[in-house]
Amino acid sequence: MSTETTPDAPKPETPAAPAAPTPAVTPVANAGGPPKPGAPRPGGKPVPDKWQRGGPPKAKPQPDAMPRTFGEFKPNKRALDLDIESEMAAAFAGTDIKAMDADKPQGAKGENGRKKGRVVSIHGKDVFIEIPGGRSEGMISLDEFEGKRPNVGDEIEFLVDHYDSANGLLVLTKEGAAKQVTDWSAVKLNMVIEAKVTGMNKNSTGYTVEVNGIRGFMPLSQADMYRIEQPETLVNQKLKVQVIELEPSERNLIVSRRVIQEAERERKAGEFWATIKEGDIHKGLVKSIKPFGAFVDLGAADGLIPIGELSYSRVGTAEEVVKVGQLVEVKVIRLDPEQRRIGLSLRAMGTNPWDTFAAENRPGARIPGKVTRLADFGAFVEIAPGIEGLIHISELSTGRVGRVRDILSEGQEVTVQIINIDTEQRRIGLSLKAMTAEKEAAEDAALTAEEEADKAEAAARMANRKPTGNLRGGTGGGTVRFEMG
């Protein structure tokens, strides 16, 4: 029979446990010294049994909270090897390999993470590199040399790509080398690949390219650093390009050749400015033409050929001498490293006509020429290709000259006399007055001679005249008769 209890009913009290008997106090043997551990304390109070052996029991630590030290737990050797290899691979993945740099001799490491090593052997398509200070050899694919097969002993620059723990090798790569791709999964953003230009699109705004069966597009603005005069010349060519946009799901691949050219130019700029000096001879491509001259791309920097340095002959426009895209050989005549400006000369590469002219002509010589331009102070006359002289206004005529154009006009053919030659200043003084004075003197002499001849002829006639008879004089009514002899 169960007994029901209402909520308000008081709960039955549990009878208290009987008090434990108080233990008797045991006399302490060593009353003068400290009590022994576990012994009854002075005063007769008992020591709790749970404190008699080092205090209350401690909670047992769980396995997850236990410190993992090699002294307490011995790890599995295979797992440890995998951990070490994983850590090594992560360390070697970057370009800053501390272990290599610590032992590497000075100069072995290049700029921007580039390093140098020597080719020790070539097996198939694998080129093995001895890395100074390295704890293992490096391997680089022969395809990255782009057809230029290295020789054993050659020193090359490389970048560290990753560490191959399975073979104990560093996998190396050449900066800017084209990677081989087989399908869309192998294409990565910013990857450098080799693409074949198959044609131009319908709007002629770019090129269609193919990378091992993968179709892509290269905008016309990304085909070169400078304007391409004949875009069709790139069709059917294989170019090294960089992936600048990639969407595999939509089969969208956009590449750029210009990015690679600009990166290469920037890489060479430091070395270029460190070595260039006035008087150097360089080859370059005419980049653009301006009214004041022509800009030339020297590979790592641009230089300007002023219009006066294009030719020794007088030049109206730069297009008369050079064209965009033309390969020229120029001489460095001015440098400004702070402003990164280079002055170039094209005419300095040819024979100086002043030297030839000075050797073949002397003051006093008379030569033909053509008036090229007029000025208030005189007229310039071209007397040889690339050689101009000045007829000062005072040397134009023997008489007073008010305006130069009253005597000469541009394009007029004249014969002038050389007054002086200054090859250092490249100045030649000419005279038209000397020629005029001589002509006037010749005309005066001819006139005088003609007059003298007339006088001589008249005198001769008088001397040969016959005498006249029956001449009578006087006055009166007589008649006078004249007889013609």
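Glu450, Glu451, Glu452 and Asp454 form a negative surface patch in this predicted model. Patch members have over 30% relative accessible area and no salt bridge, and like charges are joined within 9 Å. Asp and Glu count as negative, Lys and Arg as positive, while His and the chain ends are not counted. The place of a charge is taken as CD of Glu, CG of Asp, NZ of Lys or CZ of Arg. Aspartate 454 belongs to helix α5, residues 433–463. Its relative accessibility is 45%, so aspartate 454 counts as partly exposed. The classes are buried (under 20% relative accessible area), exposed (over 50%) and partly exposed (in between), with a 1.4 Å probe and protein chains only.

Residues are numbered from 1 along each chain as its sequence is written. The model is predicted, with local features needing pLDDT of at least 70, side-chain atom pairs counting only at pLDDT 80 or more, and totals for chains, interfaces and linings using all residues; side-chain values use heavy atoms, with hydrogens and water left out.

The chain contains five helices and 20 strands. Both are DSSP runs numbered from the N terminus: helices are H or I with at least four residues, strands are E with at least two. The chain has 485 residues, of which 28% count as buried. It exposes about 33300 Å², and carbon and sulfur atoms supply 51% of that area. Accessible areas come from the Shrake-Rupley method with a 1.4 Å probe; for residues, only the protein chains shown count as cover. Contacts (heavy atoms within 4.5 Å) were also examined by sequence separation. Among those between residues at least 6 apart in sequence, 55% join residues at least 24 apart.

The structure holds 12 salt bridges. A salt bridge is a side-chain nitrogen of Lys or Arg within 4 Å of a carboxyl oxygen of Asp or Glu. Side chains of opposite charge can pair when their charged atoms come close. Lysine 268 pairs with glutamate 264, with 3.6 Å between the closest N and O atoms. Both residues lie in helix α3 (residues 258–275), four residues apart, about one turn of the helix. Lysine 268 is partly exposed, with a relative accessible area of 38%. Glutamate 264 is also partly exposed, at 30% relative accessibility.

A second salt bridge joins the side chains of arginine 265 and aspartate 297, at 2.9 Å from N to O. This pair links distant parts of the chain: arginine 265 sits in helix α3 and aspartate 297 in strand β12 (residues 293–297), 32 residues apart. Both arginine 265 and aspartate 297 are buried. Lysine 287 and aspartate 302 form another salt bridge, their closest N and O atoms 2.5 Å apart. Lysine 287 is in strand β11 (residues 281–290) and aspartate 302 in strand β13 (residues 302–306), so this pair ties together parts 15 residues apart in sequence. Lysine 287 counts as partly exposed at 29% relative accessibility. Aspartate 302 counts as partly exposed at 21%. Salt bridges that share partners join Arg265, Lys287, Asp297 and Asp302 into one network.

Strand β12 also holds glycine 293. Glycine 293 has 0% relative accessibility and counts as buried. Its C-alpha atom is 4.4 Å from that of proline 306, 13 residues apart along the chain. Leaving aside neighbours within four places in sequence, glycine 293 contacts Leu304, Ile305, Pro306, Ile307 and Ala318.

Backbone angles were examined next. Most residues other than glycine have a negative phi. Asparagine 236 has a positive phi of about 75 degrees although it is not a glycine. This asparagine lies in the loop between β8 (214–219) and β9 (238–247). Asparagine 236 counts as exposed, at 57% relative accessibility. Arginine 426 also has a positive phi, near 55 degrees. Its place is the loop between β19 (413–422) and β20 (427–431). At 31% relative accessibility, arginine 426 counts as partly exposed.

Threonine 351 is in the loop between β15 (341–345) and α4 (353–360). It is exposed, with a relative accessible area of 67%. The C-alpha atoms of threonine 351 and tyrosine 312 are separated by 9.3 Å, and the two residues are 39 apart along the chain. Not counting residues up to four places away in sequence, threonine 351 touches Tyr312 and Thr356.

How values were computed
Patches are made of residues with over 30% relative accessible area and no salt bridge: like charges are joined within 9 Å, nonpolar side chains (Val, Leu, Ile, Met, Phe, Trp, Tyr) within 5 Å.
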